[in-house]
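Reader: I would like to go through this model term by term. Please set each value against the definition behind it.

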Amino acid sequence: MKYKKIIAGIAALSLLLGLSACKGGGDTETTGESTTAESTTSDETTTEESTTAEETTAPEKKFVFDEKKAAYIGEFSSEIYGKLFLYFQDDSIAIKDEFKEIKFVLDAEGYRPAASSEGGIQLIAEDMNFDGYTDFRLPSSVGNVNSFYYCWLWDMNARTFKYYYPLSAISSPVFNKDTKEVVSTNRSSATHYDVSTYTWIDGQLTIQKHESVTETEDATVGSEVAENNTVEITEGLTAFITLYGNPGSQCRWFPIVEDEDIVEVYSQTYEDSTAQTKICFQAHGIGTTTVVIRFALDRNSDYVSEKIFNITADDDFNITIKEIQ
C-alpha cells in the first residue's frame, strides 16, 4: 500500500512536468511567428516607401550647351574671371570664359534677346550695387520713356551671379558711383513723373526718397534740338539710328515707319543725362521703306524738327540706312 502511494505520486509529478513543458514550447513558437511577421511587414513598408520616393523624384535636368541654338548676347570683363561671353539658350544664360569653358548657367525664364549677335544694345555691364564687382543687366521692357531690365548681381560669397528682382522692378535706373545712389525715373505723362532715390543697406536696395513732379510751365521751353545735332548710324542685321536733344527738355525723337512689313522699330531707349535717343530696327521683309523721325513733346504733338531716312533690307535681312537731306 505504501509503495502504491509512492508510485502514484511519482506518476502525478511526471504528468505535471510534461504539461509544463508543452505549455512552454507553445509560447516560444508563437513568439517566433510574431517576430518574423513584424520583420516581414517592416521590410515591405521600407521597400514600398523607397519605391514611392524613387517614382516621385524627377531627375535633374542638365543644361547642355548647343552652339546652333545659343544666341550671343554680349560680353564684358569680370574682376575675377577676365573676359566673359554670354549666350541665351533654353530660358538660361550660359556664361563662358575666354577659354570657351562654361563658368555659369543662370536661370533667365521670361527673357528674350532684343537684338541679333551682330550688334545691339542688349547687355549693360556695370557695378550696380557699388561693391567693386561688375554686374550686368538685360532689357525686359524698353519704351520711349520708361525702361526696365533683368538684373544680375555678382555674389562674392556664392561666387556666382544672382538675379535680383527689386532692382529689376524699378524704372529707368541710373547708377551714381559718386553718391552710391540708384535713381529711378518713372514718367506717367508728358508733364508728370516720379523720381525715387535708393541706396544699398546690408546688401538690400532701400528707398531713401520719393518725389512726385508735375510740370506746369511751357513744355516747349528748352525743346530746341541740341547743338550736337549729329546722327549716328549703325547698319547690319540689327540697325540703329542715334539722335540727340537737349538734356532737361521734355522733347524726344519719335520714329514713324512707312512700311512695317519691311522694317519695324524693335526697341527705343532714351538716356536722360545726354538726351540721347537710340532707335533699333530689324527687318521682316525685303525692300526699301521710309522712316520719319520727329522731335516733339510726344507722338501727337506738333514737332520741332524731323529727319527722314530710307531703310533698305536685302535678301539676307541686312539693313542699310541713308539719310535724305
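Author: The protein chain has 2 helices and 20 strands. The model is predicted, so local features need pLDDT of at least 70 and side-chain atom pairs count only at pLDDT 80 or more, while totals for chains, interfaces and linings use all residues. Residues are numbered from 1 along each chain as its sequence is written, and side-chain values use heavy atoms, with hydrogens and water left out.

Reader: What makes a run of residues a helix or a strand here?

Author: Both are DSSP runs numbered from the N terminus: a helix is H or I over at least four residues, a strand is E over at least two. V265, for instance, is found in strand β16, residues 263-271.

Reader: Why is V265 called partly exposed?

Author: Its relative accessible area is set against two limits: buried is under 20%, exposed is over 50%, and partly exposed is in between (1.4 Å probe, protein chains only). V265 has 27% relative accessibility, so V265 counts as partly exposed. Across the protein chain, buried residues make up 35% of the 325 residues.

Reader: Which residues does V265 touch, and what counts as a contact?

Author: A contact means heavy atoms within 4.5 Å. Leaving aside residues up to four places away in sequence, V265 touches P255, V257, I279, C280 and F281. For contacts in the protein chain between residues at least 6 apart in sequence, 45% join residues at least 24 apart.

Reader: Why are C251 and C280 called buried?

Author: C251 has 5% relative accessibility and therefore counts as buried. C280 has a relative accessible area of 1%, so C280 is buried.

Reader: Why is the pair of Y164 and W200 called tilted?

Author: The ring centres of Y164 and W200 are 5.5 Å apart and their planes are at 45°, so the pair is tilted. This pair links distant parts of the chain, with Y164 in the loop between β8 (160-163) and α2 (165-168) and W200 in strand β11 (residues 192-201), 36 residues apart. Y164 counts as buried because its relative accessibility is 12%, and W200 counts as buried because its value is 17%.

Reader: How do you know that W253 and F295 form a tilted pair?

Author: The rings of W253 and F295 are 4.9 Å centre to centre, with 45° between the planes. W253 is in strand β15 (residues 252-257) and F295 is in strand β18 (residues 287-296), so the pair ties together parts that are 42 residues apart in sequence. Both W253 and F295 are buried.

Reader: Which residues do ring pairs link into a cluster?

Author: The cluster consists of F76, Y81, F88, F104, Y111, F136, Y150, W152, W154, F161 and Y163.

Reader: What is called a nonpolar core, and which residues are central to the largest one by contacts with other members?

Author: A nonpolar core is a set of buried Ala, Val, Leu, Ile, Met, Phe, Trp, Tyr and Cys residues joined through side-chain atoms within 4.5 Å. The largest has 19 residues, of which I241, F281, I293, I311, I319 and I321 touch the most other members. At least two residues of this core come from each of β14 (238-244), β15, β17 (276-283), β18, β19 (303-313) and β20 (319-324). A second, separate core of 18 residues includes I73, A108, Y150 and W154.

Notes
Phe/Tyr/Trp six-rings, centres within 6.5 Å; stacked < 30°, edge-to-face > 60°.
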